[in-house]
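Subject: the two-chain model

Hi,

Here is the structure I promised to pass on.

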Amino acid sequence: MKFDDETTDVLIGGYLSADAARDDYEAVLASGGYLHGAVVVSKDLKGNLSVEQTDHMVREGAAGLGAIGFAVGLFAPPLLAATAVGAVIGAGAGKLLHHRTASKLEEQAGATIPLGGAGLIVAYPHSAAAKVEPAVTRAVQKVVGEAEGHHVQALKGALADAQRKMSETGT
Amino acid sequence: MSDLDRTELPIRRRPFRGVANRTLAGSEPDWDLIGHPEPPEGAPNVLLVLIDDAGFGNPSTFGGPINTPNYTRMAEAGLRYNRFHVTALCSPTRAALLTGRNNHAVGFGSVGEFSSGFPGYTATVPRDCTPWPRILAENGYSTAAFGKWHLTPDGQQGPAGPFGRWPNGWGFDYFYGFLGGDAGQWDPCLAENQKIIGTPAGFYDKDNPYYLPDAMADKTIEWLHGVRGQDARKPFFVYFSTGCSHAPHHVAPEWAEKYRGQFDQGWDRLREEIFARQKELGVIPADAGLTPRDAAFPAWDSVPDKLKAYYARQMEVYAGYSDNADYNVGRVIDAIDELGELDNTLIIWIWGDNGASMEGTITGSFNEMTMQNGIPLTDEMQLQLAERYGGIGAWGGQMMDPHYSAAWAWAGNTPFQWGKQVGSHLGGTRNPMVVRWPARVTEGGALRSHFSHAIDVGPTILDVTGIPAPSHVDGIEQEPFHGVSFADSLTDAAAPEHRTQQYFETMGNRAMYKDGWWLAVKTPRIPWVITPDALRPYAPGVWDPDADPAELYYLPDDFTQAHDLAADHPKKVQELKELFWAEAEKYKALPLLATLSAFFGILPPIPDAAPVEYRGDVQNVMSGMIPRMYNHSYSISADLLVPAVGAEGVIVAEADHLGGFSLWVQDGKLTHTYSMMGVFIYRQQADEPLPSGEVTVRMEFAADAPKPATGGEVTLYINDRPVGKGRMDHTVPIRFSAYAGMDIGRDNGGVVDLSYADRKPFAFTGTVKKVVFDVKPHPAAQDEEALHAAAHHGHAAHGLSQ
């Protein structure tokens with residue numbers, strides 16, 4: 001399948017534990033849906049970072065996921081709509097979602113994953129959405145962005161779209 | 001000393017009955033002068049056991065799924081009481097139990113943390129209502145209390161006291177336990193007599209960690225041996241008040257493992273199983289009906305399959321935790337038996353100071369404080385947070401402060417409706433009681449169905465000891481007990497029922513019992529929901545309590561409150577409503593919902609916001625007494641002496657990784673870690689190391705706005721020069737911890753930042769000369785008021801959960 005034949009989707013999932021993110025990562029890999037790539041990143045409570053990825057783009061001769069800032073701007077875990085005393089616990093997730101160009105996944109994820117948090121990013125052709133998206137069942141926040149065009153540009157566009165949506169849902 | 005006048009306490013010094021000449025020649029001593037009052041002849045030892053936050057349907061002794069062999073052996077040699085009642089909340093039941101008076105009348109309309117300016121809600125027992133443990137002590141008993149106290153106001157739990165409302169002030173010669181509403185069983189912040197002694201050193205022993213229930217039994221046995229070593233005859237009174245089974249549900253895995261798989265059927269089926277066993281045991285009538293599930297609780301079948309293991313584990317741990325409590329009470333009983341005094345010991349064992357607690361909300365929680373801080377988390381989120389701290393296999397361990405789902409509590413309250421906080425229904429107010437005393441009770445294994453209440457326990461104990469209720473204590477005329485003795489029911493199943501009338505009120509949920517009829521008036525608010533929308537209908541001028549729906553039950557025919565007769569008996573409803581209001585006024589339960597007054601802007605005067613200084617190595621500042629740093633800007637500064645080789649360790653820390661803050665030094669760099677209930681963890685670090693010598697460091701939090709849970713910017717300073725910064729999007733709105741304390745120069749107990757957990761308490765290797773909290777006042781009076789209100793909302797919310 002050529003990368004630029006159809007719309008590219010990027011799914012971002014947010015998690016409060018590494019276990020949950022890994023569950024979904026493995027479910028996505030086992031979903032049978034075609035993937036351009038997937039990254040699961042987590043940071044433990046001491047600040048140690050863990051990154052695992054499957055980067056099909058390289059196989060396709062394209063630049064790797066890390067090269068396009070794939071893990072940049074994941075999210076701060078969402079939730080917290082209101083306290084008992086009626087305050088909206090502040091926004092803030094959005095400010096972490098600025099898409100920046102970075103080099104390595106570790107650096108990107110290290111800057112955006114909160115202590116104890118985890119994230120999953122999956123890129124796939126829109127035709128695979130019916131298989132891929134249902135596999136992501138544990139994300140406490142999940143958005144899907146999409147874009148058309150040449151493969152790297154499409155991927156960047158879809159990623160930016162997903163990050164924008166994540167920003168809007170962050171409360 | 002049978003001629004003692006025991007009606008005025010302390011018992012007066014008797015006149016000298018000897019002869020005192022100018023010299024010993026012809027002088028005759030009066031040896032009674034150096035004695036002490038003794039109880040009436042035959043007065044027995046007394047062991048009063050109170051389990052926390054448990055339901056009628058929890059222990060196997062009453063048909064529950066939790067194995068309680070020691071409770072059962074006491075019942076089989078004694079009596080089961082199946083119509084014993086409590087107040088539906090922790091402190092109020094304890095106050096009623098230990099004073100023999102209705103809880104509001106002694107200032108405990110709510111919990112010890114929540115004092116307000118209404119007489120029924122001061123959390124300050126009046127001196128004309130002397131607790132009966134003091135009466136026992138003054139009459140010659142050795143008295144001791146172990147475990148949960150929860151009767152000392154929040155602001156009085158430090159070295160400045162005053163100590164009149166600490167356990168010693170209530171008449172206990174000795175106390176070992178915790179003053180608050182709950183404590184970690186692994187890492188409690190303990191008090192011994194009139195001193196906060198902090199977290200036991202055994203907490204740091206990985207191979208043989210400290211565990212409070214074990215230590216309570218050890219300390220009780222040690223105390224008993226000490227008393228007997230000194231005096232072979234003096235009777236004792238032990239109040240053994242377990243932290244179990246209140247959250248946090250802490251127990252070693254082997255106890256929880258005993259219940260693996262036993263709750264996979266879910267709470268709906270569990271209720272049916274318990275109900276069947278209760279009938280089989282005869283602890284409920286054969287014609288009793290099982291009350292249905294309220295819509296507030298989800299059906300087990302509606303729980304997603306992927307989450308059922310998470311929910312089932314919650315109950316497995318709770319069951320193991322409770323099983324262990326039974327075991328440790330059994331150890332105390334065995335120790336009394338080894339002394340040869342079991343048959344002369346009156347044992348009263350109450351399984352629950354209120355119904356099982358629904359404060360875990362529907363989801364249950366990895367951290368009991370998420371509910372109190374109003375953090376809305378789904379069950380999937382809760383599961384992930386549990387995974388973050390070790391997974392559901394670690395539920396019950398040191399890394400979490402868990403609470404189970406409200407639906408499990410409802411099952412634990414089988415066969416009744418509702419649970420803790422719901423004073424209108426039996427699920428909150430009826431708990432098992434077992435009485436064993438072979439010297440008087442010969443009908444082992446029998447059932448008693450006399451309607452009785454916590455206020456009756458003290459008068460019953462005094463009755464069997466032969467000690468009269470005093471008319472005066474310390475010269476103050478005493479208000480008579482509201483409770484009445486049920487001692488005649490110990491020996492006579494046909495003894496008349498003395499308690500024919502009783503009011504109940506908790507959080508606005510209320511009931512009036514009279515001659516078998518029970519009026520139940522529950523506010524429509526779901527007990528664990530304290531959102532503004534949920535509270536708005538109860539605002540002053542909005543709420544009409546007489547418009548709340550009323551239910552009517554006739555208990556002689558309807559043990560479980562399964563058949564509402566209100567529509568058929570409107571006159572009886574009205575009669576009992578009027579009687580309730582009269583009783584509420586008489587016993588100071590008014591104004592209703594005084595517990596929630598802070599939510600409606602009724603606040604005490606604004607306190608002095610001057611900086612708070614801690615010099616030297618102050619430790620174990622109770623969590624309710626730390627500077628009010630919530631919901632606004634503040635700074636923490638410290639004067640340090642840093643050796644030439646550098647320093648590391650904790651400068652000041654409050655609580656632990658499930659909520660708290662730590663200002664500490666890592667690799668020579670000033671670091672600030674802040675845990676927003678273990679959900680969000682923030683860490684900021686200086687860009688450069690600390691210099692040596694005299695150094696002043698400061699952490700400033702600049703809040704976005706003075707509002708609950710405000711975000712803001714953190715800046716770290718060394719000698720007034722900024723050296724690091726970061727942002728915290730969410731802060732704790734109400735309270736970091738229910739029990740963990742604040743320490744200067746170290747991080748006692750569980751630590752805030754797990755990166756130094758293997759070095760805990762990670763004491764500072766330099767010198768902390770002084771730590772100063774400056775809770776910066778906001779310039780606008782309007783903001784001041786808002787902050788003040790938020791602080792008291794927090795206080796009230798904490799009260800809702802204890």
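In which loop of chain B does B:N631 lie? B:N631 sits in the loop between β19 and β20 of chain B. Helices and strands here are DSSP runs (helices are H or I with at least four residues, strands are E with at least two), numbered from the N terminus.

Some housekeeping before the rest. Residues are numbered from 1 along each chain as its sequence is written, while chains are lettered from A and ligands numbered from 1 in the order in which they are written. This is a predicted model, where local features need pLDDT of at least 70 and side-chain atom pairs count only at pLDDT 80 or more, whereas totals for chains, interfaces and linings use all residues.

The phi of B:N631 is near 70°, a positive value in a residue other than glycine. B:N631 counts as buried because it has 27 C-beta neighbours inside 10 Å. The cut-offs, with C-beta atoms placed from the backbone, are these: buried takes 20 or more other C-beta atoms within 10 Å of the residue's own, exposed takes 12 or fewer, and partly exposed is in between. B:N620 is found in the loop between β19 and β20 (634-642) too, and its phi is near 60°, again positive in a residue other than glycine. With 22 other C-beta atoms within 10 Å, B:N620 is buried.

Now the chains as a whole. Chain A has five helices and five strands, in the order β-α-β-β-α-α-β-α-β-α along the sequence. Of its 171 residues, 51% are buried. Among its contacts between residues at least 6 apart in sequence, 75% join residues at least 24 apart; a contact means that two C-beta atoms, placed from the backbone, lie within 7 Å.

Chain B has 16 helices and 29 strands. Its radius of gyration is 27 Å, close to the 28 Å that the globule rule gives for 802 residues, so chain B is as compact as a globular protein of that length. (The radius is taken over C-alpha atoms, and the rule is 2.2 Å times the number of residues to the power 0.38.) Along the principal axes, the C-alpha atoms of chain B fill a box of roughly 85 × 80 × 55 Å. Buried residues make up 57% of chain B, and 76% of its contacts between residues at least 6 apart join residues at least 24 apart.

On to the helices of chain B. The axes of α4 (residues 212-230) and α7 come within 9 Å and cross at roughly 10°. That makes α4(B) roughly parallel to α7(B). Axes are lines fitted to C-alpha atoms, for helices over the stretch in contact, with angles from 0 to 180 degrees between N-to-C directions; under 35 degrees is roughly parallel, over 145 roughly antiparallel, 65 to 115 roughly perpendicular, and the rest oblique. Residues making this contact include B:M216, B:I221 and B:L224 of α4(B), with B:V332, B:A335 and B:I336 from α7(B).

B:L342 lies in the loop between α7 (305-338) and β9 (345-351). Leaving out residues up to four places away in sequence, B:L342 touches B:I333, B:I336 and B:D337. B:L342 counts as partly exposed, with 19 C-beta neighbours inside 10 Å.

Helix α6 (residues 266-281) has 16 residues that should span 22 Å at 1.5 Å a residue, and its end C-alpha atoms are 22 Å apart, which agrees. The expected span is 1.5 Å times one less than the number of residues. Buried residues in α6(B) include B:W267, B:L270 and B:F275, and what covers the buried ones includes α10 (406-412). After α6(B) comes B:G282, with a positive phi near 80°.

Lastly, a strand and two backbone details. B:A686 is in strand β24 (residues 680-689) and is buried, with 22 other C-beta atoms within 10 Å. B:A686 touches, among others, B:L670, B:I718 and B:V723. The peptide bond from B:L590 to B:P591 is cis, with omega near 0°, and B:P591 is found in the loop between α15 (570-586) and β19 (612-615). The bond from B:K760 to B:P761 is cis as well, with omega near 10°; B:P761 lies in the loop between β28 (742-744) and β29 (767-774).

Cheers
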